[in-house]
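Hello,

Here is the structure I promised to pass on.

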Amino acid sequence: AIAPAPMAAAPPQAGPAPVDPPDMASLAQRVAAGGWRLFFDVGTLRETQFTGIPNVAANLAREIVLAGLPCGFFIGDNLLRPDHVRFLLDSGGGAYFGYHHQLGQTVAGPLLAAVRAAGGRTIGLFPAEKPFHRMFDVEAQVLHDFSTVATPHFHLRATTELHGANLLRDIASNDLNVCVSAATAEYLRRLCPEAAGSVVVALNGVRWPERFARLADRLYGNLAFEPYVVILGTIEPRKNLEIVFRALAQDRGLLRRYRWIFMGREGWLFDFGQAAQRHLGAMPDNFTYAGFVGEFKKYALLRFAAFTVYPSLFEGFGLPIAESFSLGTPCAHSASSSMPEVAGDAGFAFRPESADELLGAIYRLEAERERDAAALAERCRAQAAALTWSRMLRVILDGALTRAEAATRHAGAGT
């Protein structure tokens, strides 16, 4: 059994200012000079919608394709045809791809044959859990969060038993453990001190299709919306919606001031309707439970919101904060784990167990919007601007190539 970690809230802090990784052109030169062949696991992209981890995997895969790097994309023990990889990425979900994959139409050949043909110059990139270990000469894995370890009581028992055991085996097998925040990296170093030397931090990115802005302007640009607030996240205990209900029960004026839109797919161990009624007496008329929404609808709802609230108890990164900021929409967010790191000075932090602090964060946000909404929106956009998928991929490639090059030098020296 793995002991859960304490969830002490970190104080708000400035966003990270890491050293920029090498540009993509120089990384591509190192790949070519070393004769390296990349292999990227797209197994997680079989999900119907690209949200959460599949969204990260899809964006990293797009960056590899855009850079023209020599890369084989695989699912399980099968290498995929490049045209079907592009189809998968363009479709935004794996439903149609899954149909073609079941018919065997997506397969280019066996993965093992391609690895052997690369002649000991392979780098395997895993954006999620690893289906196998030590297939490649150098292996790098993205570690998104440790919630099944740190907060097992928020997950189904089968989930924590499976992912907890797999996680430790994955970490031990990696040449490079890629953490999506400094908070996640620190947790990894405490959980597995022996892996400390293999850790790098590669922050998630945020990007919207260019057509979204034009389409939103055309459809909604001239409309006057009822003021509303967005709370984005899977409906499950770790997302901490209870604290929102408690805060609104304390300030009924705030409850009436906005429409409250809850977006996120159905999760586990949390009944939205029962929790709302328990704290508020009845489901308020101005509550909207939107469920899962597609990317454009999410874009539009975030862009035109008065603000967002992200009250999660524990995160590996906190992508909804970055998504909100990228559209100039301020966010009141939990001060736990990685979230102050993502929000920096642009956010309005509160301890996730305190309804009073959540209310205080919202009041400060409202006051700043009233004082200078344009400046606040610009501060949010500036915080999000440094978060790009290209940068994340470049950090990963630089770390993986550094280890691959060092291994080659050691082999050449006979050590």
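**Second largest pocket**

Five helices each supply at least two residues of the lining of the second largest pocket: α2 (53-67), α3 (82-91), α9 (210-220), α13 (295-303) and α14 (319-326). Helices here are DSSP runs of H or I with at least four residues, numbered from the N terminus. α2 gives the largest share of that lining, six residues.

Before the rest, the basis. This is a predicted model, where local features need pLDDT of at least 70 and side-chain atom pairs count only at pLDDT 80 or more, while totals for chains, interfaces and linings use all residues. Residues are numbered from 1 along each chain as its sequence is written, and side-chain values use heavy atoms, with hydrogens and water left out.

The second largest pocket has a volume of about 820 Å³. Its lining has 31 residues, and Arg62, Leu89, Asp90, Gly92 and Pro209 are the closest to its centre. A pocket is an open set of points on a 1 Å grid over the protein atoms alone, where a 1.4 Å probe fits, with protein on both sides within 12 Å along at least five of seven lines; lining residues have an atom within 4 Å of a point. Volume is the space filled by probe spheres set on the points, which are joined across faces, edges and corners.

By class, the lining has 14 nonpolar, 10 polar and seven charged residues. Ala, Val, Leu, Ile, Met, Phe, Trp, Tyr, Cys and Pro count as nonpolar, Asp, Glu, Lys and Arg as charged, and the others, Gly among them, as polar.

**Helix pairs**

α9 and α13 also pack against each other, at about 65 degrees with axes 10 Å apart. Axes are lines fitted to C-alpha atoms over the stretch in contact, and angles run from 0 to 180 degrees between N-to-C directions. The contact includes Phe212 and Tyr220 of α9, and Phe296 and Arg303 of α13; contact means heavy atoms within 4.5 Å. Its residues are nine nonpolar, no polar and three charged.

α3 packs with α4 (residues 95-102) at about 155 degrees, axes 8 Å apart. The two are therefore roughly antiparallel, a label for angles over 145 degrees. His84, Phe87 and Leu88 of α3 meet Tyr96, Phe97 and His100 of α4. That makes four nonpolar, two polar and no charged residues.

Last pair: the axes of α1 (residues 24-34) and α17 (residues 389-412) come within 10 Å and cross at roughly 30 degrees. α1 and α17 are therefore roughly parallel, the label for angles under 35 degrees.

Best wishes

Key:
Parallel < 35°, antiparallel > 145°, perpendicular 65-115°, else oblique.
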